[in-house]
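User: Please take me through this model by question and answer, and give the cut-offs behind each term as it comes up.

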Amino acid sequence: MASFSFGTGNAAKLLRIPLYAIGRMGTFLVPRGRRWVFGCGAGIGDGALALQRYAADTGHDTLWLTSSAREDQDAAALGIRTLRKSGLRGWWATARASVLVVTHGLGDVNRYANGGAFVVQLWHGIPLKRIGLDSPATTQVPNVPGAPLLRRVVGLLYRGAAQRIRVLPAASHRSRGRLESAFGLGDDRVVVTGEPRVDVLSAGSIEERRAAASALLGRVLGDLPPGARTILYAPTWRDGAEDPAVPSASEWVRIIRMLKENDAVLLVRSHPLGEGGYAPPLPSRRVRMLGASLLADVTPVLPALDVLITDYSSLAYDVGLLATPVLYLAPDASEYARTRGFYGRFEDVAGPDAAASWSELLVQLRVLLSDEAAYDAESVRSATLSAEMHAYRDGRNTDRVYQAIRARGIPAPKGAA
């Protein structure tokens, strides 16, 4: 089920131009203080949560701007102070902030009050598919008279917003080049520190990470079949279009049969911007939904996985930190390459045998679950891919990002030596 597209989002952005102008004028009059303000387009989580915890522990005054009661509740459970980002109070909190930390865009906080702030854009994944200025999808607008002009205006707005970014962490030098191009920034702003959001995949022992991840899954989903291997299926967003990989009723029957035969459970995580369509026609304990409404940030449960299935998600890079095998289901790879585009070739990531259908994917998955040598080979391949994209795996990415922020003139918290 499609729920959002760049076209509709950009149309709304164009209609808000007067509000952007008024808000910008207001920020010239309001002095900024010392507070760090956080927001995340995916909820209370991602790299913003890692950096908020670090900054708060260091002594900084922090505030999280939310957009829903669910976010308020999640933040309260962690002891994080919050305020709704919309309205005058959200504008004032954003306008008074010294540092603004976001993961998706400036709309993660109050979008009308970011002028003059020190913006930290953590982003939310290593780019595999093209993003920002590198993708024609970014400036899409509805097909109306004057659409080419409107696209140019959207492009100018995007570039202007990107130029406010002061620190954009990159996972590696290869990732840095993609981010510099996508945001139109120089290497003085895009810094190779590693990403705070994946520190949870490197800190502690393998056993500790898996135990914590399994416990979190249990709290979210309840009892899973004991001893079953855990498979995550995570298709990416298709800019409002329908997902061509949604299984048919007959495919669901074959999927569930394969899961039973191999004592496995399939967790389905549709992209937060396009949830829906993946429920099997008959309920089964072997298939569970793990959407953003249940778990805002999926990264902490990755150590509990035995296999990842995806198409173009950056999770393929992340699970390699854990040497988790990855299978690719991409029935629209050629079309996606044409309309959205990849950094490099999709085959360089997925290999030559990405499945084009569930029938092909189930054959590959059955081999992976029944052949230890095949599983080990895919584990090595996953770890090798990740090593090319993650420069650090010491659990200290958040510290390096914090030091990069401080090195650019942000003062220590009051009372610190």
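User: Is Glu195 buried or exposed, and what is its relative accessible area?

Analyst: This is a predicted model, in which local features need pLDDT of at least 70 and side-chain atom pairs count only at pLDDT 80 or more, while totals for chains, interfaces and linings use all residues. Residues are numbered from 1 along each chain as its sequence is written, and side-chain values use heavy atoms, with hydrogens and water left out. Buried means under 20% relative accessible area, exposed over 50%, and partly exposed in between, with a 1.4 Å probe and protein chains only. Glu195 falls in the buried class, with a relative accessible area of 3%.

User: Where does Glu195 lie, and with which residues is it in contact, leaving aside its neighbours within four places in sequence?

Analyst: Helices (H or I, at least four residues) and strands (E, at least two) are DSSP runs numbered from the N terminus, and Glu195 sits in the loop between S7 and H8. Contact means heavy atoms within 4.5 Å. With neighbours within four places in sequence set aside, the contacts of Glu195 are Gly125, Ile126, Ala171, His390 and Asn397.

User: With which residues is Asp199 in contact, on that basis?

Analyst: Asp199 lies in the loop between strand S7 (190-192) and H8, and it is buried, with a relative accessible area of 9%. Leaving aside neighbours within four places in sequence, Asp199 is in contact with Gly395, Arg396, Asn397 and Thr398.

User: Which residues of helix H5 are buried?

Analyst: Helix H5 spans residues 87-96, and what covers its buried residues includes helix H2 (17-29), strand S1 (36-38), strand S2 (62-66), strand S3 (82-84) and strand S4 (99-102). The buried residues of H5 are Gly90, Trp91, Ala93, Thr94 and Ala95.

User: Why is the chain described as being as compact as a globular protein of its length, and what is its radius of gyration?

Analyst: The chain has 15 helices and twelve strands, and 52% of its 417 residues count as buried. The radius of gyration is taken over C-alpha atoms, and the globule rule is 2.2 Å times the number of residues to the power 0.38. That rule gives 22 Å for 417 residues, and the chain comes close to this, so it is as compact as a globular protein of that length, with a radius of gyration of 22 Å.
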